[in-house]
Amino acid sequence: MVVDGDINDAVLLRKLFDVVAFTHVMHMAAQAGVRYAMQNPGSYVHSNIAGFVTLLEACKMANPQPSIVWASSSSVYGLNSKVPFSEKDRTDQPASLYAATKKAGEEIAHTYNHIHGLSITGLRFFTVYGPWGRPDMAYFFFTKDILRGKEIKIFETSDHGSVARDFTYVDDVVKGCLAALDTAKKSTGSGGKKKGAAQLRIYNLGNTKPVPVGRLVSILEKLLKVKAKKKVIQMPRNGDVPFTHANITLAHNELGYKPTTDLEMGLKKFVKWYVNYYGSKKKKSAW
Ligand SMILES: O=C(O)[C@H]1O[C@H](OP(=O)(O)OP(=O)(O)OC[C@H]2O[C@@H](n3ccc(=O)[nH]c3=O)[C@H](O)[C@@H]2O)[C@H](O)[C@@H](O)[C@H]1O
């Protein structure tokens, strides 16, 4: 079963679980984006906390209970400065409300696992990009703005250092998701009652090679054959962190996760899709 969109309809979800005996639930529905939380904080609580609880309630009551794999985020590492980020590192210093709601999701997962025997796996995604990606993400709107000749803002740290991300290509992440589903153990409860200890896992799904945002823009310029109008500005204080870098040893050992797409190759595939989808570079995109 794939749940996407607003999952706050508890009645509908319960009915769905009454009709179909799902063995696995892949939960990707969320209010994503770090900076948008400054504008619409309520939407993060609605989707990432209330929505998640609604889903877990339905799963808890289902018979059999499904195993759940869901999307957490690298943003839970927040102000953690120990690199690369390992699952054992502290995650109690979120830098955005988005991060705080994903962290809350991880704690809520613990509770439902503990009380109700739900088998739950959280995946911490690291800036996932690629074809059919999110138009609110930098690589996506940089592409649009470069093609339109519009200025793009490249963030730097307060001491003029570069801001970097462990950009991870969508196909690599999909393999990690499938491996998480394949290795998920069954939930142990039924009808809301726990019958024994259940699996509770958390994995980083990153690329392990952080790339400065300036380098991302250079690759896009090369692929689009257009010089970007760049303005380097200090990273606004709206939830961004200076860098992310995944340690993926655990996912590699337990899921066989092994990303194979570097940023240059991944962006090549993205740009090919973008130009094909939105038309030639002179045309306006819908976004
Ligand atoms: O892995 C995550 O946990 C998160 O990844 C993603 O967040 P981010 O890593 O912040 O991606 P994204 O917005 O594309 O900014 C990329 C870079 O461009 C920089 N950036 C951004 C905007 C801008 O105008 N200029 C700029 O330099 C910016 O500072 C950053 O360094 C998901 O959106 C989020 O849902 C979550 O899953």
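Axes are lines fitted to C-alpha atoms, for helices over the stretch in contact, and the angles between them run from 0 to 180 degrees between N-to-C directions. The exercises below use a predicted model.

**Exercise 1.** Describe how helix H1 (residues 10-19) is placed against helix H2 (residues 41-61), and name the residues that make the contact.

*Solution.* Begin with the geometry: the axes of H1 and H2 come within 9 Å and cross at roughly 30°. Angles under 35 degrees count as roughly parallel, and therefore H1 is roughly parallel to H2. The crossing in which H1 passes H2 is right-handed. Next come the residues: H1 contributes Ala10, Leu13, Arg14 and Phe17, while H2 contributes Thr54, Leu55, Glu57, Ala58 and Met61. Sorted by class, this contact of H1 with H2 holds six nonpolar, one polar and two charged residues.

**Exercise 2.** At what angle do H2 and helix H3 (residues 97-116) pack, and how far apart are their axes?

*Solution.* The axes of H2 and H3 are 10 Å apart, and the angle is about 15°, which means that H2 is roughly parallel to H3. H2 passes H3 in a right-handed crossing. Among the residues that meet are Tyr44, Ile49 and Phe52 in H2 and Leu97, Ala104 and Ile108 in H3. The contact of H2 with H3 is made up of twelve nonpolar, four polar and two charged residues.

**Exercise 3.** Which element gives the most to the shell around the ligand?

*Solution.* Start from the whole shell, in which 20 residues surround the ligand, the closest being Ala32, Ser73, Met137, Ala138 and Phe155. Helix H4 (138-148) and strand E6 (152-156) are the elements that give two or more residues, and E6 gives the most, with three residues.

How values were computed. Residues numbered from 1 in each chain as written. Predicted model: local features only at pLDDT ≥ 70, side-chain atom pairs only at ≥ 80, totals over all residues. Helix = DSSP H or I, 4+ residues; strand = E, 2+ residues; numbered from the N terminus. Parallel < 35°, antiparallel > 145°, perpendicular 65-115°, else oblique. Left-handed = near helix turned anticlockwise from the far one by under 90°. Contact = placed C-beta atoms within 7 Å. Nonpolar A, V, L, I, M, F, W, Y, C, P; charged D, E, K, R; others polar. Near = placed C-beta within 6 Å.
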